[in-house]
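Hi,

Here is the structure I promised to send over. Have a look at it first, and then read on for my notes on the side chains.

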Amino acid sequence: MQLNTNQYRSASGWAEPLATALDGPQSLVLVFGASEFAGEQRPFDDLAAAFPNAVIAGCSTSGEITGAQVHDASISVAVTRFDHTRLKLAVTEVTGPADSGAAGERLAAQLCGEPDLCAVFVLSDGLCVNGTPLVAALTQHLPPGVAITGGLAGDGNRFVSTWVLARGVPRRHHVSAVGFYGQRLQIGLGCDGGWKDFGPERRITRSEGNVLFELDGKPALDLYKDYLGQLAQGLPGTALLFPLSIRRPLSTAMPVVRTILGVDEARRSLTFAGDVPQGWVGRLMRTTDDGLIGSTAVAVAQATQSLNARSDALVVSVSCVGRRLVLGERTEEEVETIVAGAPQGAAHVGFYSYGEISPGVDGGVSELHNQTMTVTVFTET
């Protein structure tokens, strides 16, 4: 494997010349950029010209990660030329949340035509997609054992517009997935949250997919406003400080965390990044700075524990925008923790998202998470 990272800003251009020597059909170019670049095609044209044979995938963010730093109003790029791994890009348009499961089926159909599929990295529009059926469909229709990771595109804390690169152009209402093929690719996976439940457990008495209408028979939006107090004026962004932990009643499985993406004042409802099934129970959550940074250390340790200590590794972290809002000026400590736990000399990029895709903290199949740090490490034997 050969690796290179770079950064772009509108005022100054690329931080260094693009590594055109790494172009090839077994090269992956990951692109994580601020949402405002939807209206600036130049950097994407530069990448297409520099890497005409590579697979290029990317999305908008709530913060771009390169190495041990977090940036805004920039584009972070990692170029990886694999020695033994084949790549394939799948892209589909999504008409809305109800089309999310079908979108996952369409992506799986595009990726399943070749042997030795071992991993899929997914980047999805962050506002018009329900991540739960998207990931469930991918899991169902891809071969058993395929590692599925990725995230939902971000838009800072604005929740207005997100994009995914579709054949070199940033587009709304799209999902892309990169398939990795071969027997010499090693994949490390890590996931941890650092949040704790508080307050009474409440039953989800009315919901439809990822839209929550009632908790204990009361309007969900009203309940959140009661807890937020003056912070309610900043909804939906301030709801990131109090995600919802949900689980099936009497289940011993780890709860799933859900983050609010939008509110509907007329219907007194909340829209989440993934399903909030009716009949399940939920509790509000909160955390501390140290809790989040500690969970990041857990995630990177999980991702690297089964891998050889190689320097030629690509480390991709996807963390929730809600974690960034809580950490504030300490955000870079979270990213520095990833670099400290990664193989020495590894390339690290990532982004702050509206949803994270990974197996859970106890392993198993992949699912949509919120308020979670996920780490994926790619290396070859």
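Which residue lies over the face of Phe213? That is Arg206, at 4.1 Å from the ring centre. Before going further, please keep in mind that this is a predicted model. There is another arrangement of this kind: Arg286 lies over the face of Phe198, 4.3 Å from the centre of the ring.

On to rings with rings. Searching the whole structure turns up 9 aromatic pairs. One of them is Phe159 with Tyr354, which is stacked, with 4.4 Å centre to centre and 10° between the planes. Phe159 sits in the loop between strand 10 (147-152) and strand 11 (164-166), and Tyr354 in the loop between strand 24 (347-353) and strand 25 (355-360), so this pair ties together parts that are 195 residues apart in sequence. Phe159 is buried at 10% relative accessible area, and Tyr354 is buried too, at 1%. Elsewhere, Tyr8, Trp14 and Phe37 are linked into a cluster by ring pairs.

Now the nonpolar cores. The largest has 30 residues, and Leu111, Val120, Val122 and Leu142 have the most contacts inside it. At least two residues each come from helix 2 (100-111), strand 9 (117-124), helix 3 (131-141), strand 10 and strand 13 (174-181). Helix 2 gives the largest share, 4 residues. If you zoom in on Leu142 and skip its neighbours within four places in sequence, you will find it in contact with Ala108, Leu111, Cys112, Leu117, Val120 and Ile148. A second, separate core has 27 residues, among them Val55, Cys59, Phe82 and Ala153.

Cheers

How values were computed
Residues are numbered from 1 along each chain as its sequence is written. This is a predicted model: local features need pLDDT of at least 70, side-chain atom pairs count only at pLDDT 80 or more; totals for chains, interfaces and linings use all residues. Side-chain values use heavy atoms; hydrogens and water are left out. Rings of Phe, Tyr and Trp (its six-membered ring) pair if their centres lie within 6.5 Å; planes under 30 degrees apart count as stacked, over 60 as edge-to-face and the rest as tilted. Buried means under 20% relative accessible area, exposed over 50%, partly exposed in between (1.4 Å probe, protein chains only). A charge sits over a ring if NZ of Lys or CZ of Arg is within 6 Å of the ring centre and within 35 degrees of the ring normal. A nonpolar core is a set of buried Ala, Val, Leu, Ile, Met, Phe, Trp, Tyr and Cys residues joined through side-chain atoms within 4.5 Å. Contact means heavy atoms within 4.5 Å.
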